[in-house]
Amino acid sequence: MSAATTRTSDQTTAGTTATRRTARFHRPGWARRPGAAAGPAGTPVSPSGGEKLLEAIGLGKTFGNGVRAVDDVSLTVGRGETVGIVGESGSGKSTTAKMILGLLAPDEGDVFFDGVPLRGLPRARMRALRARLQVVPQNPQTSLNPRLTVRSSIEFNLRAHGAERVARRTIVPEMLERVGLTPTHAERFPHELSGGQLQRVAIARALATRPDLVVCDEAVSALDKSVQAQVLNLLAELQADLGVSFLFISHDLAVVEHIADQVTVMYLGRVVEQGPAAQLWTSPRHEYTRALLAATPGRALEEAAGRDRPMIPVQPSGADGGAAGSGTAATTGQAAASRPPG
Amino acid sequence: MSTPHTSTSRAPGPAAATTAARPAQPNVVLSVHDLNTTFAAGSRTSNVVRGVSFDLRRGQTLMLLGESGSGKSVTARSIMRLYGRNATITGSVRLSGQELLDLSADRMRGVRGARIALVPQDPTGSLDPLRRIGAQITEVLALHNVERLRRAGRRQAEELLRLVGINDPKRVADSYPHELSGGMRQRAVIAIAVSCDPEVLIADEPTTALDVTVQKQILELFADLQDRLGMATLMVTHDVGVAAEAGDRVGVMYAGRLVEEGPAAQVFASPRHPYTAGLLAALPSPGVPRGTLRSIPGSPPPAGAFPAGCAFAPRCPVARDSCRTDDPPLVAVAPDRSVACPVVNPASPSAPPSTPTAGAVDIPSPAAPPADQPSALSKGGPR
């Protein structure tokens, strides 16, 4: 990939961050992580002006059945920043997340984490890097082992990243308090906790290794709305305190608009729009983004409540302009998109 | 299989007063009164629906809005008596005046699908993967109209598919479920549901499994079918946006009880019950800075394990001591609106007379302007 060679300068970001990291993680027995090659370089910046933490360039993935799941997707996550990916099912947002997490090798393109290309990274180094690159999956009911206590689940992750016993014993209660639970929750089993509490445990588990980036894949989608707000507030608070970056994947536009600094809108494996969250909401440029906004229920709700959200002009695109039960829409099973975006 | 039930055998519960106070409405197709559903598991029982009462009129959509464990789906399914021997359903469910809870299992089978139809959440799970769509529609027709010939049934199946917005009904009728998209499958399920021209359509989270753009189309289809067929719709949802968009009326459920009921526009413009107000305030919306969402502390109680008194009291910002012991009844607070909260509703017998006039709940909420106000909200919202 030519993109890889042009971006080699990104591999030299670690200088100052390495110092900050060691300070932040200085604990007896804490595994030392291989940082990126030292030496300050030009200061790569993310779109919002921050220091670049993660960069994905021209990612592409075609599955065995010929499905082009992801096509030329590039995005950047700055340090301490939240980037949202919005899209409907089949838009490739989860496949993109897997490639960013190093769980799936891209066919084209490269992912750079703190300047280090994930492609061809030796297993041991990838494993070490995963401590800094964590994930909060959608459903804590299935992502937490029902036969392990909360403590064991969190310790499992810590142990995998080389934290020693003493460190583990202190980190678990600390993390539980951090996410709004109490140390007594450590001895509970998943079935004893509510959905919101479980997702807090999943967040505590991810944050236990002090990651730089946490990928939240539909992390609040399964929660009741009254609880979802608590978890969204928690994520914002954790980011303010710890400086962690989030890559926040969701199908819920309102949630992404709320939590993200930058938003990437995906459709059929491609990026159709990228920009600051607020701007995307008030002045979407791509037809698909507009259709998505128009289809999001709750606009009536806000009108009922008398809030002033700028009215978004809706372009009749594909099914959108059609009457109820319009057949064109039905046959594709998709709304706005009888034609590829671009 | 017969569902054990006793009709109106209970002493009138708190909700009884409400319905009695409400004059009989014209065009009421479905009248639910003091509905209680209790599940038994061994020696334990859990009362999941507790004294739910509402009327549903012809051509109207009532949204049952609630979080997980609120009893909204169980309410809907209890109306159709879809539970087995482990469920005890009491109260009264009248369909055009006929008591459904008294019907024999056989006669109930004749009502289900013909006069009350169900659209379940997951179209994939509710269609038979091994049979073509057309055959699955004609099956229902045959079940309720034995004399109908097979060929006529096939023609009718295609007509029904056209009715639900499918352009090429011949192809779809010949397709297996896996050959169709999620939106198309849900249309097929809706075609089956409306095939016998039911008086009441019950839709249990009909769009939850769908993408938002497809969801919008399906909600439009429901509105369109209602206009054309004049049926009444009871739709269950956890999505406040969907309830606001597609409901004429909304019933907010919490812990097995209806806590607030009224015209959707009014309820969302000026929620009265602290739970409704809190739920609306908790939604992320533009202009709310990150990290400052007004969440409701705690989480909803699991189904059947409801605290004594008002089940919302432990999470409620305006709860009084009496709320923890007395379960407030659903009381009319305005023509056509009722709320189960003595704090916001001084007319309630359990509230002290000195309570100042209740406007909106005292929760700082962008979603709760002080009083009812004319609203641009209309069914379906602007398109």
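This is a predicted model: local features need pLDDT of at least 70, side-chain atom pairs count only at pLDDT 80 or more; totals for chains, interfaces and linings use all residues.
Residues are numbered from 1 along each chain as its sequence is written, while chains are lettered from A and ligands numbered from 1 in the order in which they are written.

Let's start with confidence in chain A. Its average pLDDT (the predictor's confidence in each residue, from 0 to 100) is 78, and 73% of the residues score at least 70. Two stretches stay under 50. For residues 1–42 of chain A, with pLDDT under 50, the model has 69 contacts beyond four places in sequence; a contact here means that the C-beta atoms of two residues, placed from the backbone, lie within 7 Å. Residues 307–342 of chain A also stay under 50, and there the model has 88 such contacts.

Now for the sheet in chain A. Helices (H or I, at least four residues) and strands (E, at least two) are DSSP runs, numbered from the N terminus, and two strands pair if DSSP finds at least two bridges between them. By that rule, six strands of chain A make an open sheet with mixed pairing, in the order E6-E7-E8-E3-E9-E10. At the edges you'll find strand E6 (133–136) and strand E10 (270–276) of chain A, each pairing on one side only. On average, neighbouring strands of this sheet are turned by 20° against each other, direction ignored; the axes are lines fitted to C-alpha atoms, for helices over the stretch in contact, and angles run from 0 to 180 degrees between N-to-C directions.

Within that sheet, E3 (residues 82–86) and E9 (residues 262–267) of chain A are parallel and share four bridges. Look for Ile85(A), whose bridge partner in E9(A) is Thr264(A). Packed on the sheet is helix H3 (residues 93–100) of chain A, which touches E3, strand E7 (213–217), strand E8 (245–250) and E9 of chain A, its direction making about 155° with that of E8(A). H3(A) is largely enclosed by the rest of the structure, because six of its eight residues are buried, where buried means that 20 or more other C-beta atoms lie within 10 Å of the residue's own, with C-beta atoms placed from the backbone. Those buried residues are Lys93(A), Ser94(A), Thr95(A), Thr96(A), Met99(A) and Ile100(A). Just after H3(A) comes Gly102(A), with a positive phi of about 75°.

On to chain B, which has twelve helices and 13 strands. Of its 383 residues, 54% are buried. Eight of its strands form an open, mixed sheet in the order E7-E8-E9-E4-E10-E11-E13-E12. Strand E7 (116–119) and strand E12 (331–334) of chain B have a single partner strand each, so one side of each is left without a neighbour in the sheet. Inside the sheet, E8 (residues 200–204) and E9 (residues 232–237) of chain B run parallel, joined by five bridges, and Ala203(B) stands opposite Met235(B) in E9(B).

Finally, an automatic or database domain assignment gives chain B domain 1 (7–115 + 200–286 + 294–383) and domain 2 (126–195). Each domain of chain B puts twelve residues into the contact. On the domain 1 side, helix H9 (residues 212–229) of chain B gives the most, with six residues.

Methods:
A residue is buried if 20 or more other C-beta atoms lie within 10 Å of its own, exposed if 12 or fewer, and partly exposed in between; C-beta atoms are placed from the backbone.
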